[in-house]
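Thanks, everyone. I have one structure to go through today, and I will keep to what can be read from the coordinates.

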Amino acid sequence: MKFVIAVFSPGHAPSSRRALLFAQAALAGGHEIVRLFFYQDGVHSASANVVTPQDENDVPAHWREFVTAHQLDAVVCIAAALRRGVLNDEEANRYQRPAANLPVPWELSGLGQLHEAAQSADRLVCFGGD
Amino acid sequence: MSTLHVISRSPFGDNRLASCLRLLGPHDGLLLCGDAVYALNPGSVTVAGLNTLGPRLYALAEDLEARAISDTGATAVDYPAFVELSLNYDKVNSWL
């Protein structure tokens, strides 16, 4: 079956870890993830500048490794990302900001990508809050 | 059309659980995770209402264990079971 997983919370929220474990279990169960969509505070998980305390689970790093290892389509909402200072090279240049912090494997795009993916998937599962 | 409702916030901090129970259809399921599993704590005012759901009530096993909540009327599920549960219902509605 095909899943879309939307993450609304930052990496330090328990729900982001829950989304990651759900996504890992979905792939392990033989299912497909057609898209991961990071929205609202979820965009912070894509920032390369997140420094997680050493005694805590580095969920943003686990997300990056998971997306890379499985070559997943990981979309970060561009409007949510810009207002939170999560920028790729193109946007940093466009708005004349000093640095970019959104490297590969992440892709900046619009909310339409969530809608489009939800139409093509069997299930949309959202994770947010605590 | 059946829906799996997912709640992750404590029932003692807001009205999500109460609203969800009011809207829950006869074929819908409810999965509690995170602090929402405190609703299953024996002796809580929320237990009686939840137990009327019978087999349609689920809780994430790791969150029950992390809070030392046992002997509940909910079916404990791990992540592979969560994935399958989401497929047993027509859609998943997370109370964000």
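This is a predicted model: local features need pLDDT of at least 70, side-chain atom pairs count only at pLDDT 80 or more; totals for chains, interfaces and linings use all residues.

Start with the interface. Chain A and chain B bury about 1600 Å² between them, and 62% of that is on carbon and sulfur atoms. Which residues of chain A lose the most area to chain B? They are A:Arg18, A:Phe22 and A:Arg123, which together make up 37% of what the chain A side buries. In terms of residues, 18 from chain A and 20 from chain B take part in the contact.

Now the polar side of the same interface. There are 3 salt bridges between chain A and chain B. One I can show you is between B:Arg9 and A:Asp130, where the closest N and O atoms are 3.6 Å apart. For polar contacts, the rule finds 7 residue pairs across the interface of chain A and chain B, with both residues at pLDDT 80 or more.

Where does the chain A surface come from? H1(A) gives the largest share, 6 residues. Sorted by class, the side of chain A that touches chain B has 11 nonpolar, 3 polar and 4 charged residues.

Next, the aromatics. Over all chains, a search of the whole structure finds 11 aromatic pairs. Take A:Phe3 and A:Phe22: their ring centres are 5.6 Å apart and their planes stand at 80 degrees, so this pair is edge-to-face. The pair links distant parts of the chain, with A:Phe3 in strand S1 of chain A and A:Phe22 in helix H1 of chain A, 19 residues apart. Are these two buried or exposed? A:Phe3 has 0% relative accessibility and counts as buried. A:Phe22 also has 0% and counts as buried.

On the chain B side, B:Tyr79 and B:Phe82 form a tilted pair, at 6.4 Å centre to centre and 40 degrees between the planes. Both sit in helix H4 of chain B, and because they are 3 residues apart they are separated by about one helical turn. As a reminder, an α-helix has 3.6 residues a turn, so residues three or four places apart point the same way. B:Tyr79 is buried at 9% relative accessibility, and B:Phe82 is buried at 0%.

These rings belong together. A:Phe3, A:Phe22, A:Phe127, B:Tyr79 and B:Phe82 form one aromatic cluster.

While we are on H4(B), residues 79-88, its buried residues include B:Val83, B:Leu85, B:Ser86 and B:Leu87. The N-terminal end of H4(B) is capped by B:Asp78, with a side-chain oxygen 3.0 Å from the backbone nitrogen of B:Ala81.

Last, the serine. Where is B:Ser8? It lies in the loop between strand S1 and helix H1 of chain B. At 5% relative accessibility, B:Ser8 counts as buried. A polar atom of the B:Ser8 side chain lies 3.3 Å from the backbone oxygen of A:Asp130. That brings us back to A:Asp130, the salt-bridge partner of B:Arg9. Leaving aside neighbours within four places in sequence, the contacts of B:Ser8 include A:Arg18, A:Gly128 and A:Asp130 in chain A, and B:Cys33, B:Gly34, B:Asp35 and B:Ala36 in chain B.

That is what I have. Questions are welcome.

Conventions. Residues are numbered from 1 along each chain as its sequence is written. Chains are lettered from A and ligands numbered from 1 in the order in which they are written. Side-chain values use heavy atoms; hydrogens and water are left out. Contact means heavy atoms within 4.5 Å. Buried area is the accessible area (1.4 Å probe) that two parts lose on being put together, summed over both. A salt bridge is a side-chain nitrogen of Lys or Arg within 4 Å of a carboxyl oxygen of Asp or Glu. A polar contact is a pair of N or O atoms within 3.5 Å; within protein, one must be able to donate a hydrogen and the other to accept it, and residues adjacent in sequence count only if both atoms are side-chain atoms. Helices (H or I, at least four residues) and strands (E, at least two) are DSSP runs, numbered from the N terminus. Ala, Val, Leu, Ile, Met, Phe, Trp, Tyr, Cys and Pro count as nonpolar, Asp, Glu, Lys and Arg as charged, and the others, Gly among them, as polar. Buried means under 20% relative accessible area, exposed over 50%, partly exposed in between (1.4 Å probe, protein chains only). Rings of Phe, Tyr and Trp (its six-membered ring) pair if their centres lie within 6.5 Å; planes under 30 degrees apart count as stacked, over 60 as edge-to-face and the rest as tilted.
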